[in-house]
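Reader: I am new to this structure and would like to learn how to read its features one at a time. Could you show it to me and then take me through it?

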Amino acid sequence: MNLEALSVLNATVSERVDLAAGLFILRIVPDEGVADFLPGQSLQLGCITADGLLTRPYSIASSPLERRYVEFYVSSVRGGSLSPYLMRVGVGDRIHVSAQASGTFTLASVPPDAGIILIGSGTGLGPFMSMVRTPFCLEGRPRLCVLHGVRHRADLGYHDELVALASRNSHFHYLAAVSRDALDFADPAVQGRRLEDLIAHSACAPDPAADHVFLCGNPQMIDHLAGVLTERGFRAPHNLSFEKYW
Ligand SMILES: Cc1cc2nc3c(=O)[nH]c(=O)nc-3n(C[C@H](O)[C@H](O)[C@H](O)COP(=O)(O)OP(=O)(O)OC[C@H]3O[C@@H](n4cnc5c(N)ncnc54)[C@H](O)[C@@H]3O)c2cc1C
Ligand SMILES: NC(=O)c1ccc[n+]([C@@H]2O[C@H](COP(=O)([O-])OP(=O)(O)OC[C@H]3O[C@@H](n4cnc5c(N)ncnc54)[C@H](OP(=O)(O)O)[C@@H]3O)[C@@H](O)[C@H]2O)c1
């Protein structure tokens, strides 16, 4: 790698947690420190490939109050260009990160007294982790629900942290759907096979008069649930926001 290529690598991987094959959490330390951002925003991550620097956007999963590192929740897409490179990075490796976070998928325009319903498929949970890890996002909300849909039980990233948050906050609810494994009835968080099952659950049923719903991840999931929610009276961007990952 030549010096010019090395100079775009401006962060160091400080931690990596593998959750399932091809699914991992990365923490990086930018050389210039952690820049300010809003929960829900994303940064570009990049690696040097045979064609030079290749970047893609990744939602920040850590809180802006965490100043030691920035965290990302990543899956490796088979046949993808960048994610297989990210799949191979380890602690101490150098990586590219953009200087400024971007995106409007935040709580900024949501009224402070609205309930918040966060619905993510796969790594679409990432931006919601940033929100729920940031106390000012939780305070004053009548309720806050995290609904996570995954293929396999092992893909339920952040499960223990979300269960613990729910046990400490009576207005916080966490429900999970597992579509391709036998349902684990011993786990009270796993409440169905599909995200549609979870929005039927009384604790998290979305109410267009009281709640703002955020959808993140798989674009087919977003189109499908946005259709269901529109039929129930939700309207984007008034009380419905979404972030399609591809
Ligand atoms: C705002 C934003 C935030 C994002 N945040 C995250 C994040 O936090 N974590 C994360 O893992 N990804 C995230 N993504 C997706 C990420 O940017 C890349 O698209 C993804 O990692 C695949 O990149 P790639 O270069 O390997 O594949 P590409 O070469 O870009 O794409 C290969 C093919 O895979 C499809 N594809 C792209 N992403 C996915 C996917 N996740 N699952 C299935 N098919 C896909 C594309 O349509 C394309 O046909 C985000 C995308 C956006 C737009
Ligand atoms: N462990 C991992 O998560 C992992 C590991 C390695 C690679 N990857 C790659 O990452 C990419 C994304 O995979 P993913 O499993 O994270 O996410 P995903 O394919 O978006 O699946 C996540 C959940 O969303 C559901 N879903 C899909 N379309 C939907 C729709 N229209 N309406 C409602 N629910 C819908 C899926 O159900 P269905 O079961 O019905 O699809 C699944 O339960 C894939 O390319 C995958 O190969 C993921």
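**Reading the fold and its two ligand sites**

Author: Among contacts in the protein between residues at least 6 apart in sequence, 67% join residues at least 24 apart, where two residues are in contact if their C-beta atoms, placed from the backbone, lie within 7 Å. This is a predicted model, in which local features need pLDDT of at least 70 and side-chain atom pairs count only at pLDDT 80 or more, while totals for chains, interfaces and linings use all residues. Residues are numbered from 1 along each chain as its sequence is written, and chains are lettered from A and ligands numbered from 1 in the order in which they are written.

Reader: What radius of gyration does the protein have, and what would a compact globule have?

Author: The radius of gyration is taken over C-alpha atoms, and the globule rule is 2.2 Å times the number of residues to the power 0.38. For 246 residues the rule gives a value near 18 Å, and the protein has 18 Å, which agrees. Its C-alpha atoms fill a box of roughly 55 × 40 × 35 Å along the principal axes.

Reader: How many helices and strands does the secondary structure have?

Author: Helices (H or I, at least four residues) and strands (E, at least two) are DSSP runs, numbered from the N terminus. In this protein they come to seven helices and twelve strands.

Reader: How is the protein divided into domains?

Author: Domain bounds come from an automatic or database domain assignment, and here they give domain 1 (3-97) and domain 2 (115-244). The centres of the two domains, taken over C-alpha atoms, are separated by 25 Å. At their meeting, 17 residues of domain 1 are in contact with 15 residues of domain 2. On the side of domain 1 that touches domain 2, β5 gives the most, with four residues.

Reader: Where does ligand 1 lie, and which residues are closest to it?

Author: A residue is near a molecule or strand if its C-beta atom, placed from the backbone, lies within 6 Å of it. By that rule 20 residues surround ligand 1, and the closest are Gly 80, Ser 81, Leu 82, Ser 83 and Trp 246. The elements that give two or more residues to this shell are β4 (52-59) and β5 (70-75). Because domain 1 and domain 2 both give residues to the shell, ligand 1 lies between them.

Reader: Which residues come nearest to ligand 2, and what classes make up its shell?

Author: Of the 24 residues around ligand 2, Gly 22, Ser 121, Gly 122, Ser 179 and Asn 218 come nearest. Two or more residues of this shell come from each of β8 (144-150) and α7 (219-231), and α7 gives the most, with three. For the classes, Ala, Val, Leu, Ile, Met, Phe, Trp, Tyr, Cys and Pro count as nonpolar, Asp, Glu, Lys and Arg as charged, and the others, Gly among them, as polar. The shell around ligand 2 has seven nonpolar, twelve polar and five charged residues. Ligand 2 also lies between domain 1 and domain 2, because both give residues to its shell.

Reader: Is Gln 191 buried or exposed?

Author: A residue is buried if 20 or more other C-beta atoms lie within 10 Å of its own, exposed if 12 or fewer, and partly exposed in between, with C-beta atoms placed from the backbone. Gln 191, in strand β10 (residues 190-192), is buried, with 20 other C-beta atoms within 10 Å.
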